[in-house]
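Please open the structure in a viewer and keep the sequence at hand.

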Amino acid sequence: MPKEFTDEFEPLLIKDLNGQKQPKLPNRSLVLAACAACIGGTFQFGYNISVINAPTTDVHNFINQTWIERYQTGIPENVLTLLWSTIVSIFTIGGLLGVTVGGTLSVKLGRKGTLLGNNAFAIIAALLMGLSYPTGYFELLIIGRFVTGLNAGIGLCVQALYLGEIAPTAFRGAMGMGTSISITLGLLAGQVVGLKELLGKEDSWPILLATTCVPAFLQLLILPWFPESPRYLLIDRGDSEGCKKALKQLHGVSRCDGELDDIEKEKRSLTEFKAKTLWELLCDRSVRLQLLTVVLLNVGQQLNGINAIYFYANYLFTQSGISAERIPYVTLGTGACELVTALTCGIVIDRLGRKVLIMGGYILMSICCILFTLSLSYQSASPIVPYLSIASVFAFILSFGLGPGGVTNILTTELFTQTTRPAAYIIAGSLNWLSFFFISMLFPFLVVWLEQYCFLVFMAVCTCMAIYIFFVLPETKNKTFVEIQNEFKSSRKARTVDATGLT
């Protein structure tokens, strides 16, 4: 074999020769480190999205009461709507800012250091929102929600980096699913805590919103016992001893040598060890296809209709004869369904592979969009049809959880190497938050213009994503980061040869 091909595929050849039986379960310390990262990371994102729904009426009353005390007149309805919309949506603005600084902070402070420092934002936000009622300043709710979004944006970006870098190749998919599982757990926890039987009572809403500090304190207590990302220590900091110590703690003495070899191979494959800036990544032609793929995956994750389904869910539950008092409990059922789906995906992702799950998820979501459009078009045809709509909602959520919801963040980690990954997460996270904001603003108008046929637009998005994944995205299961990069290089060389007509 020519030397240039031997050098390029060296990691693959070594893996075949030295192939060892992969362990069936990850090390206990690794699992605990992942849990410690998740509790103050993406758990906060899910929790703060759902917990704001319970006190809607109570916050409206508080704003109206404060307005009367200040101006001796009731607040105009349009001003009240604007203030409430600002309280809810400014979380997105904070998240966008958080994800843009999260990648930079993860390089300067380390993955673990950034996660620990990020808890300060959660504690500040809890104080602001908790003090809003006793002080009579609803403006503190707006500031608190913005700071909460900042915390969520940083957590989404840096936690995924940390999980992807501490996980061994054989368990990278399952460990990466920690992001989706913790988001779902946060959503479910927010729904449970917001029930009337707990903190959903009229006089408890400031305490409810201030509970965002609880996960922050838990992470501050637990995460310091676990090490920094071994990849960050060796490649970014050049700390080989620290890397070995971290690997022994996370993977055990018997498994740390193999992981150290993988990290050293990745380091040798890099032309420079300094993390690339956002602009340097955008100008790097060698990762252009990976960047395009991640951009489409993250935009598609928000524009595939999942947020529209959530917006429509309460309407469908009401149309099906479910009383307003029982809707929170039905919504709780959808949260439990999401959690089961995320856990299932975590179990099967390293067996079935990323490509099968995400492509299959988009195909099933396309079918659900068609069923959803038909059931909404014939709501009055039969008493059974509204229940078919609800079944379509659950099927869509399941398909999303098994595919785009769980796999997208893992692929963002796997398609890049150590020096390009932080900047890639800035781009992916920014587009994710912008797409979330865009669909939140656009969907009400789509419903007015297209009515139930708006879900055909989402069907087209899901179908296009499935086609792109089928033709472009390689399978990354059980491959090191270097092997994945070599596969993209090989496909790029093949396309170049085809384009020039050479054989």
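Helices (H or I, at least four residues) and strands (E, at least two) are DSSP runs, numbered from the N terminus. This is a predicted model, in which local features need pLDDT of at least 70 and side-chain atom pairs count only at pLDDT 80 or more, while totals for chains, interfaces and linings use all residues. Residues are numbered from 1 along each chain as its sequence is written, and side-chain values use heavy atoms, with hydrogens and water left out.

**Two loop residues**

Select Gln72, in the loop between helix H5 (56-71) and helix H6 (77-108). Gln72 is not a glycine, yet its phi is positive, at about 55°. With a relative accessibility of 62%, Gln72 counts as exposed; the classes are buried (under 20% relative accessible area), exposed (over 50%) and partly exposed (in between), with a 1.4 Å probe and protein chains only.

Next, select Asn478, in the loop between helix H24 (454-472) and helix H25 (481-500). Asn478 also has a positive phi, of about 60°, although it is not a glycine. Its relative accessibility of 32% makes Asn478 partly exposed.

**Aromatic rings**

Rings of Phe, Tyr and Trp (its six-membered ring) pair if their centres lie within 6.5 Å; planes under 30 degrees apart count as stacked, over 60 as edge-to-face and the rest as tilted. By this rule there are eleven aromatic pairs. One of them joins Phe62 and Tyr133, which are tilted, with 5.6 Å centre to centre and 55° between the planes. This pair links distant parts of the chain, Phe62 being in helix H5 and Tyr133 in helix H7 (residues 111-135), 71 residues apart. Phe62 is buried at 3% relative accessibility, whereas Tyr133 is partly exposed at 43%. Then select Phe45, Phe91 and Trp433, which ring pairs link into a cluster.

**Charges over rings**

A charge sits over a ring if NZ of Lys or CZ of Arg is within 6 Å of the ring centre and within 35 degrees of the ring normal. Display Arg421 with Phe481: the charged end of Arg421 is over the ring, 4.3 Å from its centre. At Phe470, Lys355 lies over the ring face, 5.8 Å from the ring centre.

**Cavities**

On a 1 Å grid over the protein atoms alone, a cavity is a set of points where a 1.4 Å probe fits but cannot get out; lining residues have an atom within 4 Å of a point. Grid points are joined across faces, edges and corners, and a volume is the space filled by probe spheres set on the points. The whole structure holds two cavities of 30 Å³ or more.

For the largest cavity, of about 50 Å³, select Ala160, Leu163, Gly164, Arg172, Gly176, Thr179, Asn409, Ile410, Thr413 and Tyr425, which line it. Helix H8 (139-166), helix H9 (172-176) and helix H22 (404-414) each supply at least two residues of this lining.

The second largest cavity contains about 30 Å³ of space. Its lining consists of Gly164, Ala167, Pro168, Thr169, Arg172, Arg231, Glu259, Asp262 and Phe481.

Which cysteine sulfur is nearest to that of Cys35? A search of the whole structure finds zero disulfides (pairs of cysteine sulfur atoms within 2.5 Å). The nearest cysteine sulfur to that of Cys35 belongs to Cys38, 6.5 Å away. Cys35 is partly exposed, with a relative accessible area of 47%, whereas Cys38 is buried at 8%.

Technical notes:
1 Å grid on protein atoms, 1.4 Å probe; cavity = no way out; pocket = protein on both sides within 12 Å on 5 of 7 lines; lining within 4 Å.
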